[in-house]
Amino acid sequence: MWSFETDADYQADLDWVDQFVLDEVEPLEFVIDNPLDHSDPVREALIPPLQQQVKDRGLWATHLGPDLGGKGHGQVKLALLNEILGRSGFAPVIFGCQAPDSGNAEILAHYGTPEHKERFLQPLLDGQISSCFSMTEPQGGSDPQVFTTSAVLDGDEWVINGEKWFSSGAKYASFFIVMAVTEPDNPTYQRQSMLIVPAGTPGLTVVREPHVFGTHSEKSSGHSYLRYEDVRVPKENLLGGRGEAFVVAQVRLGGGRIHHAMRTIGLARRALDLMLERAVSRTTQGEKLSRKQLVQEMIAESWIELESFRLLVLQTAWKIDKYHDYKRVRGEISAVKAAMPGVLNRIASRALQVHGSLGITDEMPFGSMIMNSFSMALGDGPTEVHLTTLARQLLSRATPTDGMFPTMHRPALAAAAREKYADVLAAHGRA
Ligand SMILES: Cc1cc2nc3c(=O)[nH]c(=O)nc-3n(C[C@H](O)[C@H](O)[C@H](O)COP(=O)(O)OP(=O)(O)OC[C@H]3O[C@@H](n4cnc5c(N)ncnc54)[C@H](O)[C@@H]3O)c2cc1C
């Protein structure tokens, strides 16, 4: 059955979320630097009561199953929620579904010991702490063959040495999930393992906090360059088996990628809404911008791109719910991941253009949206890698032709048709 409708009860929840994000969440970015900074008293005064309202409404961490305190709503419902939350960088924290914590929670739920679950998972799920996923290294992120950070077992402890780059949220994290080479002689994808490193473990230091263009505050860019120098953790801190880092990582990456795409719908829609508002507000040469056909083209193109993207995201979400197997939907997730930066970039760029000089100032959000589109094209793997994944999957279904010419070569098709209908053609004198 095909249906594009949301059930009435859930729509009521979504309407509540829409208003709540507008009234209570969107203003927060003007008074709080980073929603993860528990040492900020303003953050502590404003955010926990809002999180409580979300919990009371039954919308906290809905991506999780009931065993982990969520609703197990599935990806389609999550998509409809996330496209509202995407309007504000603070909303995922208020709704308990922010990256990288949502993915890290999934890893801990799958692979953590009872002690890990009590010490790290539960406070993470409750929104009391945040976490970091530390995989990319300064010499490269797309190619795991270049990762050199190592973990060596010394008695009952792993000793970690190496550097990690762009470890988002490291500054406020209570623990890190670190990918390190433990089996150097194994094939590439079986060399590394995942380990938990609690914050404050001796030997873990920040080399620098690279600032990202377009982020409002130097303090909040938050993608740390980290050094691990003889960092010791108990041997029980291994998540999954030795050499199984990529198996473990898959638990978080599939979901993480599509969740970003869902939120991007909200951000791009905000840009389109602003474009529409400006077009009907601003007058030039005696008429509103909305009367100019080239502006109308920008609006129409933006709507088509946004709605097409949204349908692809929703259909991919639906397939995840149907198959419960990220691997089976890998091509679709890569497609969504690869499409997302371009959709946001083009719509935000047009919105910027329609706002004229105001558009390029930091008094409007377009510059940061456009910069954000570049971040999206890198985080969780560059666009090129995802395009390749999709193309390979499509190519794996293709069959080569036996002959010299393609199957749909018209002369061959015409000959086959003439043969098939030879009697009829002969009866009508067209043989
Ligand atoms: C906002 C943001 C947050 C991030 N958060 C985290 C985090 O929390 N934890 C973490 O571990 N990492 C994080 N990263 C790092 C991210 O995973 C890497 O940026 C990404 O994997 C690419 O690695 P790289 O930056 O080293 O680029 P490189 O690997 O050096 O690639 C550079 C470019 O080479 C090209 N390229 C690479 N591979 C191919 C290919 N197969 N085919 C064609 N072209 C190719 C692409 O154009 C690519 O952009 C984050 C990145 C960003 C931007």
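Here are some questions and answers about how this predicted model is put together.

Residues are numbered from 1 along each chain as its sequence is written. Because the model is predicted, local features need pLDDT of at least 70 and side-chain atom pairs count only at pLDDT 80 or more, while totals for chains, interfaces and linings use all residues.

Q: Into which domains is the protein chain divided?
A: Let's start with the overall layout. The bounds come from an automatic or database domain assignment. The chain splits into domain 1 (8-98), domain 2 (123-243) and domain 3 (247-396).

Q: How many residues of each class are on the side of domain 1 that touches domain 3?
A: The C-alpha centres of domain 1 and domain 3 are 21 Å apart. Their contact (C-beta atoms, placed from the backbone, within 7 Å) takes 11 residues from domain 1 and 15 residues from domain 3. Ala, Val, Leu, Ile, Met, Phe, Trp, Tyr, Cys and Pro count as nonpolar, Asp, Glu, Lys and Arg as charged, and the others, Gly among them, as polar. On the domain 1 side, that gives 5 nonpolar, 4 polar and 2 charged residues.

Q: Are α9 and α11 roughly parallel or roughly antiparallel to each other?
A: Helices here are DSSP runs (H or I, at least four residues) and strands are too (E, at least two), numbered from the N terminus. The axes, lines fitted to C-alpha atoms over the stretch in contact, come within 8 Å and cross at roughly 165° for α9 (residues 330-354) and α11 (residues 366-376), with angles running from 0 to 180 degrees between N-to-C directions. Angles under 35 degrees count as roughly parallel, over 145 as roughly antiparallel, 65 to 115 as roughly perpendicular and the rest as oblique. The two helices α9 and α11 are therefore roughly antiparallel.

Q: Which residues of α8 meet α3?
A: The axes of α3 (residues 75-85) and α8 (residues 293-323) come within 7 Å and cross at roughly 145°. The residues of this contact divide into 7 nonpolar, 1 polar and 1 charged. From α3 come Q75, V76 and A79, and they meet α8 at V313, L314, A317, W318, I320 and D321.

Q: Which residues are closest to the ligand?
A: The shell draws at least three residues from each of domain 2 and domain 3, and β1 (130-134), β3 (157-168) and α12 (383-396) each supply at least two. By class, the shell has 7 nonpolar, 12 polar and 2 charged residues. Of the 21 residues around the ligand (C-beta atom, placed from the backbone, within 6 Å), the closest are M135, G141, S142, S168 and E384.

Terms used:
Contact = placed C-beta atoms within 7 Å.
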